[in-house]
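I opened the model to look up a few things. My notes follow.

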Amino acid sequence: MKVAIVKYNAGNIGSVENAVRRLGIEPMVTDDAELIRSADRVIFPGQGEACSTMTYLKAHGLDEVIVNLKQPVLGICIGMQLLCRHSEEQDTDCLGVFDVEVKRFVPKVHEDKVPQMGWNTIEDTKSPLFKGFEKKEFVYFIHSFYVPTCDWTIASTNYIQPYSSALHKDNFYATQFHPEKSGAVGERILKNFMEL
Amino acid sequence: MLAKRIIPCLDIKDGQTVKGTNFVNLRQAGDPIELGKLYSEQGADELVYLDITASHEGRKTFTELVKRIAREINIPFTVGGGINELSDVDRLLNAGADKVSINSAALRRPELIDEIAKNFGSQVCVVAIDAKYNPLMGVEGLDWICYINGGRVPTEHQLFDWAKEANERGAGEILFTSMNHDGVKHGFADAALRKLTDSLTIPVIASGGAGAKEHFRDTFINGHSDAALAASVFHFGEIPIPELKLYLANEGVNVRL
């Protein structure tokens, strides 16, 4: 199986590369449009800030490449937020696969620390991405912006309020959490993605 | 609900795990990667690897070790020890670390915190603070002095002021080690931790003093700590992590099972 990991100016890409290798697959980390289009699976990962990453994607023509992909695509963290319509982070227009607005967490009490950093549960999971899970599983999050629950929500998490911890529409899948850092549960999610 | 985190800390010297009591008398405690993997399988929520060699040669060895950890470990890990400038941070994040922990360098030049936050994001910047109070001078919770150079040199910084400054400069987390409690195994410095957690807007990791399962419960419930770090009780199997987490869940602490 050919797996492409989209290379751009976001952090944490090496962690996804390592996680895919642990599944026994040697991924390509690339910004080459042809290599991305011809892959069986595409992962759009990263940790970073919406405006500078969108600017980079546009400058390299990767915005058009990503939205026109037909194979299963997995956006992770900032990758998920960039697949949405718009982000409150620096008032950024994003790729628009999911017609939803990315919002900033607003703390309600002192215990609501932003960013959310650590392990939280995913609930109401409805997707083959979560095949094999029987209880509320914990996954690893680190983010200051969130996607509200919407028509494409396939998992939700409660932090300050319930929000989308995973999305799905057509061939596009996305997780707000980091499967590459979520232990055995994360490994299973990545494996499920490869088996879609 | 966000879970309270259990974090084993591995002190690394010449590629091996060691653990000191009151910052001296180092004992060997195993291979860092094998130990990290074991902890991950047992349910550790994160790992901290501290390089206590900090010589030029040692630093290169440590960077290679960080690359291997990143390849093999599937949970987040923080690295620290000998980080003095932005290029050290860049090198360790590039090697695959999720976060870096800075200590003496931040006390010597606090702007380093701002620089890390600006260049890599607050989430990668853990500010570690080693502090000690004089029991003859007052009660716990007052007069905590920050130390540098592995707890050898006192500074003029007070714990609570310094933690607040680090928070405001862009630290993502505070890792507070009480030198009075470290290695003694009588519990964490929960009064000071509570004062920290209630005044800061970022998570606080409790460190120093773990000797029994109850100490973890106390620091989460009384100290309001977001995470608890320990070394020897894990390395020598005195408190198995699965047993600890079941105990905490039964005591009403939200942990990842």
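Which residue is the bridge partner of B:Cys9 in strand 4 of chain B? I looked it up, and the partner is B:Val48.

Ground rules first. This is a predicted model, where local features need pLDDT of at least 70 and side-chain atom pairs count only at pLDDT 80 or more, while totals for chains, interfaces and linings use all residues. Residues are numbered from 1 along each chain as its sequence is written, and chains are lettered from A and ligands numbered from 1 in the order in which they are written.

**Strand 1 of chain B.** I checked its pairing (at least two DSSP bridges between two strands). Strands here are DSSP E runs of at least two residues, numbered from the N terminus. Strand 1 runs parallel to strand 4 (residues 47–51), joined by 4 bridges. It also pairs with strand 12 (residues 227–230), again in the parallel sense over 4 bridges. There B:Ile6 stands opposite B:Ala228. I counted a residue as buried with 20 or more other C-beta atoms within 10 Å of its own, C-beta atoms being placed from the backbone. In strand 1 (residues 5–13), 8 of the 9 residues are buried, so the strand is largely enclosed by the rest of the structure.

**Core.** I took a nonpolar core as buried Ala, Val, Leu, Ile, Met, Phe, Trp, Tyr and Cys residues joined through C-beta atoms within 7 Å. The largest has 140 residues. B:Ala228 turns up again, among those with the most contacts inside this core. Strand 7 (residues 125–133) of chain B gives the largest share, 7 residues.

**Chain contacts.** I used C-beta atoms, placed from the backbone, within 7 Å as contact. I found 19 residues of chain B in contact with 22 of chain A.

Methods:
Two residues are in contact if their C-beta atoms, placed from the backbone, lie within 7 Å. A residue is buried if 20 or more other C-beta atoms lie within 10 Å of its own, exposed if 12 or fewer, and partly exposed in between; C-beta atoms are placed from the backbone.
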